[in-house]
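The sequence and structure come first.

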Amino acid sequence: MPFAAPHDRLPLAFGGDYNPEQWPEDVWEEDVRLMGEAGVTMVSLGIFAWSRIEPRPGEYDWDWLDRIIGMLHEAGIGVDLATPTVVPPAWFYRAHPRALPVTREGVRVAFGSRGAICHSDPDYRAAASAVTERLGERYGHHPAVVMWHVHNEYGAPVLACYCDTCAGAFRGWLQDRYGTLGALNRAWGTAFWGQLYGGWEEIGAPRATPTVANPAHQLDYQRFADGQARANFVAERDILHRLSPGVPVTTNFMAAPSQCASVDYWAWAREVDLVTNDHYLMTDGRRTHVNLALAADLTRSLAGGEPWLLLEHAPSGVNWQPHNPAKEPGRMARDSLGHVARGSEGAMFFQWRQSRQGAEKFHSAMLPQGGTGTRVWREVCDLGSRVADLGDLRGTRTRADVAMVWSWESWWAQSLEWRPSADLDARERLDAFYEALYDRHLTVDFFAPDAVAELDPARHPLLVVPQLYAVGLGVSAGLEQYVSRGGTLLVSFFSGIVDEHDTVHPGPYPGALRDVLGLTVEEFDPLLPGERVAVRTRDGGVLRADLWSEAVVTGSAETVAVFGDGRQAGRPALTRHALGEGAAWYLATRPTGDGLATVVDLALADAGITPADLPRDVELVVREGESGVFRFAINHTDAEVKVVLPDGSRAAVGPGAVEVFREPR
């Protein structure tokens with residue numbers, strides 16, 4: 001079925017979540033008028049409005065929603081209309097208390113928040129389908145509705161439920177996956193600790209146990225929980241496809257691993273008509289603009305390189321972190337246009353008008369408590385004008401330089417208990433390698449492990465695997481193909497260790513990656529907290545490293561650097577394996593300081609990539625298409641910088657500013 005993406009029916013999307021049900025109707029007219037002043041083109045509507053739409057079972061109140069949708073349409077503002085299924089009403093839970101999820105400790109949570117849903121509960125599924133059906137019947141052909149927004153942020157605050165209903169559904173899921181108990185027992189390794197199952201009814205949800213529970217059981221339950229939520233999305237999506245043909249259906253992702261760990265977005269991306277994302281700066285001491293770039297690159301990659309949409313971010317501070325500083329002047333535009341540079345078809349916010357009540361009343365909004373006399377409001381209006389001026393880049397694609405592999409399933413598996421070091425962290429390695437590439441002004445395309453065989457070394461001459469603990473044999477074959485065809489592969493430690501069942505591959509580590517890396521590992525030797533080792537390169541350089549060392553034995557790989565001291569002194573710490581027309585690098589430790597940058601530079605040189613000569617914290621990101629080439633120069637520093645354009649001219653970019661340079665095709 002063909003779908004008209006929002007950019008086919010609107011300018012670039014600019015606006016935010018709108019919650020008119022929180023306000024008296026005399027505020028609505030002011031809101032719509034101010035939206036016009038700010039240049040708003042689309043709002044997300046009805047996300048938390050189930051109790052207003054259906055105040056009593058089977059009784060629907062459409063008058064208020066008809067009026068506000070009509071007002072928005074008359075003002076030329078499109079509606080991203082939500083199914084409000086993230087917040088069932090109080091009357092629903094009173095009638096169906098089993099729809100409230102149960103924690104792993106066996107505690108059923110109470111009503112009074114949001115997202116308190118057992119995704120296996122048949123009563124919830126029936127009620128969600130019913131309200132979606134009624135919304136689709138009433139507004140499926142309304143000219144204001146340019147997109148459907150199912151649920152809200154699946155996985156926040158909870159995805160997995162451990163109730164008896166879920167346990168029964170899980171058993172059915174396992175029977176479909178494994179077919180026989182014998183196959184399940186083999187896959188889960190239940191011979192260990194005498195956990196052999198003799199009947200399906202003996203298997204439950206992996207609730208709290210006296211010590212570590214079977215890791216394969218836990219991993220499959222995470223897959224199951226993710227699949228149950230996704231099935232509910234698909235059910236609502238299919239209703240809307242039938243009742244509102246041609247209008248895209250989405251749900252808002254939280255693709256940055258810093259914000260959601262429970263959802264496999266590679267699987268979800270196949271189910272939405274348009275990939276959308278929510279992103280919030282994490283004030284955890286990191287360089288937040290690097291995390292923003294990672295999130296945008298990852299979201300674009302989920303969309304297969306096609307344009308996507310930033311559906312939520314904050315105009316200024318949020319309210320749910322321990323410390324929530326305001327964004328400095330200019331940061332709102334810089335963040336917004338950073339997402340646009342990396343593929344977003346606009347910039348949407350949470351939310352339009354700042355709430356006076358409820359849990360998020362201190363979260364910033366486009367229209368703050370202080371009203372139109374505030375800096376935030378002035379910056380919102382300025383940004384609306386800038387987004388409107390960029391309308392001709394709709395449909396263009398972001399140009400990437402290098403590739404990286406990321407897997408939510410492998411992250412889930414690695415994050416289970418009793419690994420060789422409690423400090424192993426796949427997300428930390430992802431962030432570190434991404435930051436090293438970012439500091440070389442390179443734009444990254446991400447790929448799921450099972451997509452690496454499709455990679456063209458001419459387009460992505462370097463492929464980085466920051467940490468891929470769980471690797472199937474098909475993935476290792478794809479990596480070998482990539483390298484043999486001329487690609488340069490850079491793999492970090494603790495990769496290739498287990499298969500999809502968390503079973504160690506037979507033979508020496510690194511299991512599935514032995515052949516492509518041309519080496520084996522006799523044993524892991526993690527370092528203690530505070531312990532450091534030296535790494536000596538062939539040219540006499542010395543790096544420092546922490547967290548990890550291991551006993552590497554080179555086969556057909558050559559040694560590029562060795563451990564200079566510690567228990568593995570003299571053994572390889574960095575290797576290069578020539579394979580076909582390419583090469584595979586392996587890093588057996590965690591360099592500190594500038595050490596990782598040194599390793600990345602070696603791999604980039606091997607791949608024939610020369611990074612742009614730009615100051616640190618200055619981005620140059622390119623979108624291109626039939627309408628031309630758009631070069632986004634984003635300056636995160638407090639000094640003016642000069643960027644060199646293709647014609648050799650040097651253009652100034654002010655402190656904290658964003659400039660977009662257009663070139664016709």
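Contact here means heavy atoms within 4.5 Å of each other. The model is predicted.

## Helix α4: packing

Under that definition, the buried residues of α4 pack against β1 (13-18), α2 (25-38), β2 (42-45), α3 (50-53), β3 (78-83) and α6 (122-139). The buried residues in question are Trp64, Leu65, Ile68, Ile69 and Leu72. Viewed down the axis of α4, these buried residues lie within an arc of 125°, so they line one face of the helix.

## Helix α4: length and end

Helix α4 spans residues 63-74, a run of 12 residues. From its first C-alpha to its last, α4 reaches 16 Å, which is close to the 16 Å expected at 1.5 Å a residue. Gly76 follows α4 and has a positive phi, near 80°.

Strand β20 (residues 572-579) pairs with strand β19 (residues 558-563) in the antiparallel sense, over 4 bridges. In this pairing, Glu558 stands opposite Arg576 in β20.

β20 also runs antiparallel to strand β21 (residues 582-587), to which 6 bridges join it. Here Thr575 stands opposite Tyr586 in β21.

## The β20-β21 turn

β20 and β21 form a hairpin, with 2 residues between the strands. Gly580 lies in the turn and has a positive phi of about 60°.

Technical notes: Residues are numbered from 1 along each chain as its sequence is written. This is a predicted model: local features need pLDDT of at least 70, side-chain atom pairs count only at pLDDT 80 or more; totals for chains, interfaces and linings use all residues. Side-chain values use heavy atoms; hydrogens and water are left out. Two strands pair if DSSP finds at least two bridges between them. The expected span of a helix is 1.5 Å times one less than its number of residues. Buried means under 20% relative accessible area, exposed over 50%, partly exposed in between (1.4 Å probe, protein chains only). The arc is that of the directions from the helix axis to the C-beta atoms.
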